[in-house]
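Hi,

Here is the structure I promised to pass on. Have a look first, and my notes follow below.

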Amino acid sequence: MHCKSLWIKASAKSPAKDQFQEELVIRPLHSGDIYASFQFRTLWDTDFLQEGQKKVSHYRLFPKSLGQVLSKFSVQELHISFTQGFWRTMQWGQPFIPSPPGAELWVWFHHTVSDVDGNWKELTNVLSGIFCASLNFIDMTNTVQPSASFKPLGLGNATDHRFLRYATLPREIVCTENLTPWKKLLPCGSKAGLAVLMKSEKLFHSSFHSQAVHIRPICQDEQCTSKAWELRQTLNVVFDHYTSGQGKKEWSLFKMFSRTLTEACPLASSSKVYVDITDNPELSPATPLLSQAVVLGDRRTYSVYDLTRAETFGQLRSFNLLLRWKGDNMLRPLLHAERYVAGFGLQTGEIHTVIYNNHPYRAFPVLLMDSVPWYLQLYIHTLTVTSKSRDNKPSYIHYQPAKDRHRPHLLEMLIQLPPHSMTEVTVQFERALLKWTEYTPDPNHGFYVGSSVISALVPSMVAMSTNFTQDQPLFSSFVPVKEESSYFVRVYTEPLLVNLPTPDFSMPYNVICLTCTVVAVGYGSFYNLLTRTFQVDEPSPPLAKRLANFIRRIRGVPLLA
Amino acid sequence: MRIFAFIHLLVSIPHGYSNYVETKAGQFFSSGHTNNWAVLVCTSRFWFNYRHVANTLSVYRSVKRLGIPDSHIVLMLADDMACNYRNPKPATVFSHKNMELNVYGDDVEVDYRGYEVTVENFLRVLTGRLPPSTPRSKRLLSDDRSNILIYLTGHGGNGFLKFQDSEEISNMELADAFEQMWQKRRYNELLFIIDTCQGASMYERFYSPNLMALASSQVGEDSLSHQPDLAIGVHLMDKYTFYLLEFLEEVHPASQANMNDLFKVCPQSQCVSTPGHRTDLFQRDPGSVLITDFFGSVRKVEITKDTINLTSPVDRKKYITGFLCCQTNL
């Protein structure tokens with residue numbers, strides 16, 4: 001009986017359940033490039049934010065550095081991404097998880113936080129240490145509070161956008177020093193499982209590379225009786241047809257990553273590789289497992305390889321996938337956008353954002369969010385929205401003007417896009433002259449303006465599944481699907497590179513030299529004029545003359561001149 | 001009688017041997033430092049200054065190989081060369097032509113990068129006067145038993161070093177920063193290496209104790225770059241650091257090479273400029289200072305003869321005060 005009571009005590013104190021899944025999706029693109037998307041998900045039944053409960057101290061699969069950050073700053077949701085390159089929607093379709101070039105960070109804080117700005121500042125500093133990125137440059141001059149574009153992706157009926165902060169650093173570079181700490185957050189590190197494929201020399205030699213961390217609380221079941229924290233680490237990469245692929249539509253895992261898979265991560269409850277075979281590519285080794293999923297409004301068929309089963313690796317204990325395809329047709333993306341700067345000179349300019357709705361007969365609304373730095377002074381009275389050369393008035397506008405050196409512009413608009421049309425949003429701006437200490441060391445490169453964000457519920461051609469199942473593949477369960485007839489899409493435009501009027505930084509030196517010279521010459525001449533006197537100074541005559549004069553003096557004859 | 005003498009001899013030999021071990025151990029621990037730090041700074045921006053980043057990364061690589069962990073290295077790179085769009089082999093930085101050695105590697109952690117590398121941040125890291133929200137990886141958390149290696153490279157002149165083509169640090173500012181470090185007891189011994197033009201001018205003004213300095217060229221001389229790589233299109237390394245890297249590749253954690261060998265690296269026949277060094281502020285004789293005292297991180301072991309019960313608080317307190325007293329006597 002004594003033993004039994006001990007056993008019951010032990011089970012009551014057992015640590016919260018955590019679970020790890022890893023997945024790789026490979027999608028051949030019609031341009032010959034190949035798209036690989038890694039997702040690593042850790043689910044943990046614990047609550048960082050509950051007051052009164054003892055602080056969480058035992059971490060198993062969930063990384064401790066992130067757990068401590070969440071509890072210290074009372075973070076409800078955290079999304080951070082680092083991207084190199086720009087996603088070409090027209091050539092590659094829609095990505096599973098979109099991200100803008102550079103670094104992007106948006107955070108929902110818990111409603112109990114009293115000083116959100118202070119927490120935000122410290123959080124950016126801590127994250128800059130964790131990810132070896134210069135996120136400490138995020139401050140009030142590039143942070144905005146979007147009112148409608150970034151609703152929480154997890155649980156939380158947070159409608160008060162005072163607890164939301166959004167910032168981008170379009171100039172931020174991604175390199176191995178960002179990948180290294182990102183890999184160290186995984187339970188198996190880069191030693192086992194799918195993460196062994198992540199070698200920086202191949203990953204950064206690509207057209208597009210994006211790594212992200214998404215943390216949010218989610219429901220574990222349909223009725224939401226129990227909640228869990230979900231950490232998703234995603235890595236999207238597109239390998240170029242010509243630079244890495246040698247011009248052939250023939251790819252293998254070894255060609256992409258210079259590695260093959262040898263085992264699944266032992267800590268993973270599921271480890272799968274999905275290959276998109278909707279366009280009937282040649283695939284080897286063949287697998288009987290097939291799966292169908294409706295993702296991004298399209299029904300796709302996938303071949304599934306389960307790495308937790310030993311027979312996937314075959315005799316050689318190594319799994320290398322070979323893929324060859326010829327197809328050229330691609331589903332045209334229904335929504336995509338472009339942005340550019342028009343105008344000439346260094347005084348004024350115009351920002352044009354062009355949004356395309358490629359749906360043949362359905363119109364749908366999109367939410368456009370623009371965050372422009374204060375040194376591009378927008379003239380909002382020149383804002384025009386035209387679709388099919390007719391004025392298109394947005395039904396909701398939220399505009400927060402900039403304050404010099406304090407706050408950027410924030411413009412959010414809900415625009416209805418007519419079917420099969422192009423909508424153009426233009427606004428004029430004037431370039432400000434910065435103080436000379438505010439210029440970067442290389443100001444002639446230009447200044448970056450972050451990407452615009454277009455969020456929309458796009459009508460789907462195929463019915464989406466709203467069933468909640470735990471067995472859904474990770475790539476289709478990132479964004480919660482609320483209704484069957486549409487799916488959520490976020491499109492990022494290009495960032496802008498704008499030249500500001502740049503002074504000549506050697507001017508202080510030039511001015512000092514010139515002023516000192518003028519003063520020296522002017523004052524010096526004046527001083528000389530006033531105080532200089534001239535005296536006649538007879539030069540001493542040459543020796544011959546002196547001798548002659550001496551002889552003449554003796555003779556008493558007049559001297560020579 | 002003889003048997004007693006023989007037994008006495010037998011007993012005294014192990015006693016004498018243990019004395020020998022203790023004196024040898026005493027000599028081994030005579031440098032007096034317990035931890036190692038490194039601050040490696042590249043101050044140049046733009047693609048044609050690739051060699052400065054390669055210089056810094058090769059010292060980083062050697063220092064990591066010899067044992068200093070990433071948490072004790074503050075690496076500052078003013079520009080990104082590895083993932084620069086001009087780099088024909090992304091995520092690599094080479095030090096030898098024909099792409100023989102990739103000093104960037106797979107496991108690199110850059111603490112200050114891009115625009116963060118400024119004179120102000122560098123001086124704040126040295127003196128420890130950072131804003132409270134700075135993460136640990138960006139701080140130099142040294143104490144009075146730390147040996148610190150400081151390596152600077154970039155473009156310099158007589159008495160100054162240029163940071164990112166827009167500001168400068170003068171030799172007087174650097175000397176004052178080291179004096180602040182000395183007064184705040186932030187180092188035990190400091191080795192300062194600089195690879196710029198007229199580098200010797202940067203250490204002329206030092207006045208704090210326990211500083212040793214090396215430079216790649218004298219005042220009035222230029223430090224030259226080593227060899228270009230035709231595929232990458234820029235010069236890969238500076239001559240002084242190239243030969244320094246070759247020298248350090250021979251050093252392993254148990255090596256007995258001392259500072260006099262380091263002073264001989266890159267004579268004028270190889271470097272064209274004359275490397276200089278300064279040891280007058282250093283207490284110990286350079287011949288007795290091991291390379292691994294600064295470039296490596298050798299773990300110290302404190303030998304104690306009595307057993308201590310660490311669970312009893314009284315014993316623990318006695319041990320700690322005893323430890324502190326013995327440390328000062330060393």
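Which residues touch the most other members of the largest nonpolar core? They are Leu335(A) and Phe295(B), in a core of 199 residues. By nonpolar core I mean a set of buried Ala, Val, Leu, Ile, Met, Phe, Trp, Tyr and Cys residues joined through side-chain atoms within 4.5 Å. Buried is under 20% relative accessible area, exposed is over 50%, and partly exposed is in between, with a 1.4 Å probe and protein chains only.

Before the rest, some housekeeping. This is a predicted model, in which local features need pLDDT of at least 70 and side-chain atom pairs count only at pLDDT 80 or more, while totals for chains, interfaces and linings use all residues. Residues are numbered from 1 along each chain as its sequence is written, chains are lettered from A and ligands numbered from 1 in the order in which they are written, and side-chain values use heavy atoms, with hydrogens and water left out.

**Cores**

Back to that 199-residue core. It takes at least three residues from each of domain 1 (19-324) and domain 2 (335-498) of chain A; the domain bounds come from an automatic or database domain assignment. Leaving aside residues up to four places away in sequence, Leu335(A) touches Thr89(A), Gln94(A), Ile355(A), Tyr356(A), Phe364(A), Val366(A), Leu417(A), Ile454(A), Ala456(A), Val458(A), Val489(A) and Val491(A). Contact here is heavy atoms within 4.5 Å. Apart from this core lies another one of 37 residues, including Ile169(B), Phe178(B), Met181(B) and Ala215(B).

**Between the two domains of chain A**

The centres of domain 1 and domain 2 of chain A, taken over C-alpha atoms, are 24 Å apart. On the domain 1 side 49 residues are in contact with 44 residues of domain 2. Together the two domains of chain A bury about 4,100 Å², with 62% of it on carbon and sulfur atoms. That buried area is the accessible area (1.4 Å probe) that two parts lose on being put together, summed over both.

The rule finds one salt bridge across this domain interface, a salt bridge being a side-chain nitrogen of Lys or Arg within 4 Å of a carboxyl oxygen of Asp or Glu. There are also 14 residue pairs in polar contact, both at pLDDT 80 or more. A polar contact is a pair of N or O atoms within 3.5 Å; within protein, one must be able to donate a hydrogen and the other to accept it, and residues adjacent in sequence count only if both atoms are side-chain atoms. Another pair to look at is Arg171(A) and Asp442(A), whose side chains meet in a salt bridge at 3.4 Å, N to O.

**Between the chains**

Chain A gives 29 residues to the contact and chain B gives 27 residues. The area buried between chain A and chain B is about 2,400 Å², and carbon and sulfur atoms give 51% of that. On the chain A side, Cys132(A), Glu177(A) and Pro441(A) lose the most area to chain B, together 23% of what that side buries.

Six salt bridges cross the interface of chain A and chain B. Glu109(B) and Lys184(A) form a salt bridge, with their closest N and O atoms 3.1 Å apart. The rule also finds 17 residue pairs in polar contact across the interface of chain A and chain B, both at pLDDT 80 or more. Helix H4 (116-131), helix H5 (176-184) and helix H6 (200-203) of chain A each give two or more residues to the side that touches chain B, and H5(A) has the largest share, five residues. Helices (H or I, at least four residues) and strands (E, at least two) are DSSP runs, numbered from the N terminus.

**Backbone details**

- Ser284(A) and Pro285(A) are joined by a cis peptide bond, omega about 0°. Pro285(A) sits in the loop between strand E11 (282-284) and strand E12 (290-295) of chain A.
- Ser74(A), not a glycine, has a positive phi near 50°. Ser74(A) is buried, at 19% relative accessible area.
- Arg185(B) also has a positive phi, near 55°, and counts as partly exposed at 45% relative accessibility.
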